[in-house]
Amino acid sequence: MADFVRIVLVCAVGWALGLIASAFALSHLSPFDRVRLGAWSIEAHAGSNEADPYTRARLARTGEIPLAIGEGLRLTAREDDEGRPLDGRCVYRIGPRAPAARYWTLSLVDPIGFPVANPAGRYGFRSSEILRAGDGDFVITAAADVQPGNWLPIGAPGSFALVLRLYDSPLGATAAAIEPSAAPRVTRIGCA
Amino acid sequence: MTAPSGARGLVLFIAASAILAAIVHLVVVLVTPVVASGDAYARLAPLGKLNETVALPRADPGDHMLPDADPAVAMAFCRYDLGAGPIRVRAPIGRAFSSISFHSPRGPAFYALTDRAGARGAIEAVLGTPDDVRALAAHDDEESPTRDLRIAAPEREGYVMIRVFSELPSLYPEAEADAKRLTCAPEPAPR
């Protein structure tokens, strides 16, 4: 009898742990294909046939169509430079440089990857439209309230993510080769 | 067999649970791409007929069809079935960056081209099964070699996605119009 109870218990615990581990793994970027660059994470092979099983399973669930190798590269930040989760009640400064690419865009999305409604109707910036200093450096300010310069509105108080897409970038699959200093810094200025 | 007791029983219990958990986890991860009903192809396929170019709505807070779309980039796709022969994929090059990627129903793109690979004002390629591509190559005229780029698709079905970058918000409608100019047309098979 005791044996039977043990076996049932092992099955229940094993099954539950397996499912919890899977749910966690598939709602995060693959741990085996992640390059960190300051605040940014890159899934270097998401758009190639070398994508690992975790990446494939995650993409199959979300319906995302990642940029293919050669098209570009996506960098995602869910935390600021100091590792604190991005919070809609705070103000962040993003800049001053982005890695080499023909074009890049920086957009603000909710935790599952959709733009966040805001009164300004602005969901991101393009490298080709942004206001820059004389030396080409830029600052994008993510904040709930209106800011001078490049204001990226935060439409909701919860957590959010920043997505930097590099189009036609020479970096491609060699994401690991990006100089950490080439990625924009994500600096928290203050919180309401 | 006597039931293990005390510390040894606990260790066995934890080990057995962990092994079972690992097996369940691996099976879930490996099976998900095969059984997932919300992947990109499942979302796109109902939107258009074969070889028809369908523009995707712009990334918007109110539209949850495809996650992870760039609001600065216009997208359109066409679905193909190479059972009836190869197709010719063509898109005129616009003013900024554009790219075409080729996808099977599952998994990442198997091929991609950017406007840099374009010639004579367009990105163009012939997509076929590996047999089609071999047959086309066998019929090449040595006197006037083809300028076609031929791509062998790993599976019969799939979709072609175009992305067109808009340099400014006001240029988005133009990018959208360019994306809609993607064509996927049946290509006569060689005889």
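This is a predicted model: local features need pLDDT of at least 70, side-chain atom pairs count only at pLDDT 80 or more; totals for chains, interfaces and linings use all residues.
Trainee: Let's start with chain A. What makes up its secondary structure?

Mentor: Chain A has two helices and 10 strands. Along the sequence the pattern reads α-β-β-α-β-β-β-β-β-β-β-β. Its C-alpha atoms fill a box of roughly 80 × 40 × 25 Å along the principal axes, and 41% of its 192 residues are buried.

Trainee: How do you know that β1(A) and β2(A) are paired?

Mentor: Two strands pair if DSSP finds at least two bridges between them. β1(A) and β2(A), residues 40-43, have four bridges in the antiparallel sense, so by that cut-off they pair. Among the bridge partners, Arg36(A) goes with Ser41(A) and Val35(A) with Ile42(A).

Trainee: Which way do the side chains of β2(A) point?

Mentor: Trp40(A) and Ile42(A) point one way, Ser41(A) and Glu43(A) the other, and all are buried. In a regular strand the side chains alternate between the two faces of the sheet.

Trainee: What is the strand order in the open sheet of chain A?

Mentor: The six strands run β1-β2-β3-β9-β5-β6 in chain A, with antiparallel pairing.

Trainee: Why are β1 and β6 of chain A said to stand at the edges?

Mentor: β1 (34-37) and β6 (124-126) of chain A each have a single partner strand, so one side of each is left without a neighbour in the sheet.

Trainee: Why is α2(A) called mostly covered?

Mentor: Helix α2(A), residues 53-62, has eight of its 10 residues buried. To count as buried, a residue needs 20 or more other C-beta atoms within 10 Å of its own. Those that make it are Tyr54(A), Thr55(A), Arg56(A), Ala57(A), Arg58(A), Leu59(A), Ala60(A) and Thr62(A).

Trainee: What covers the buried residues of α2(A)?

Mentor: The cover includes α1 (2-26) and β2 of chain A, together with α1 of chain B. Just after the helix, Gly63(A) takes a positive phi of about 85 degrees.

Trainee: How do you know that Asp135(A) is exposed?

Mentor: Asp135(A) has 8 other C-beta atoms within 10 Å. The limit for exposed is 12 or fewer, so Asp135(A) qualifies. The residue lies in the loop between β6 and β7 (140-143) of chain A.

Trainee: On to chain B. What makes it more spread out than a compact globule?

Mentor: First the make-up: four helices and nine strands, in the pattern α-α-β-β-β-β-β-β-α-β-β-α-β. Its radius of gyration is 23 Å, well over the 16 Å that the globule rule gives for 191 residues, so chain B is more spread out than a compact globule. Its box is roughly 85 × 50 × 30 Å, and 35% of its residues count as buried.

Trainee: How is chain B divided into domains?

Mentor: Domain 1 of chain B covers 1-35 and domain 2 covers 40-186. The centres of those two domains are separated by 45 Å, taken over C-alpha atoms.

Trainee: How many residues does each chain bring to the contact?

Mentor: Chain B brings 45 residues and chain A 53. On the side of chain B, the elements giving two or more residues are α1 (6-35), α2 (40-44), β4 (98-103), β5 (111-114) and β8 (157-165). α1(B) gives the most, with 13 residues.

Trainee: What makes up that side of chain B by class?

Mentor: There are 28 nonpolar, nine polar and eight charged residues on the side of chain B that touches chain A.

Note on methods
Residues are numbered from 1 along each chain as its sequence is written. Chains are lettered from A and ligands numbered from 1 in the order in which they are written. Domain bounds come from an automatic or database domain assignment. Two residues are in contact if their C-beta atoms, placed from the backbone, lie within 7 Å. Ala, Val, Leu, Ile, Met, Phe, Trp, Tyr, Cys and Pro count as nonpolar, Asp, Glu, Lys and Arg as charged, and the others, Gly among them, as polar. The radius of gyration is taken over C-alpha atoms; the globule rule is 2.2 Å times the number of residues to the power 0.38.
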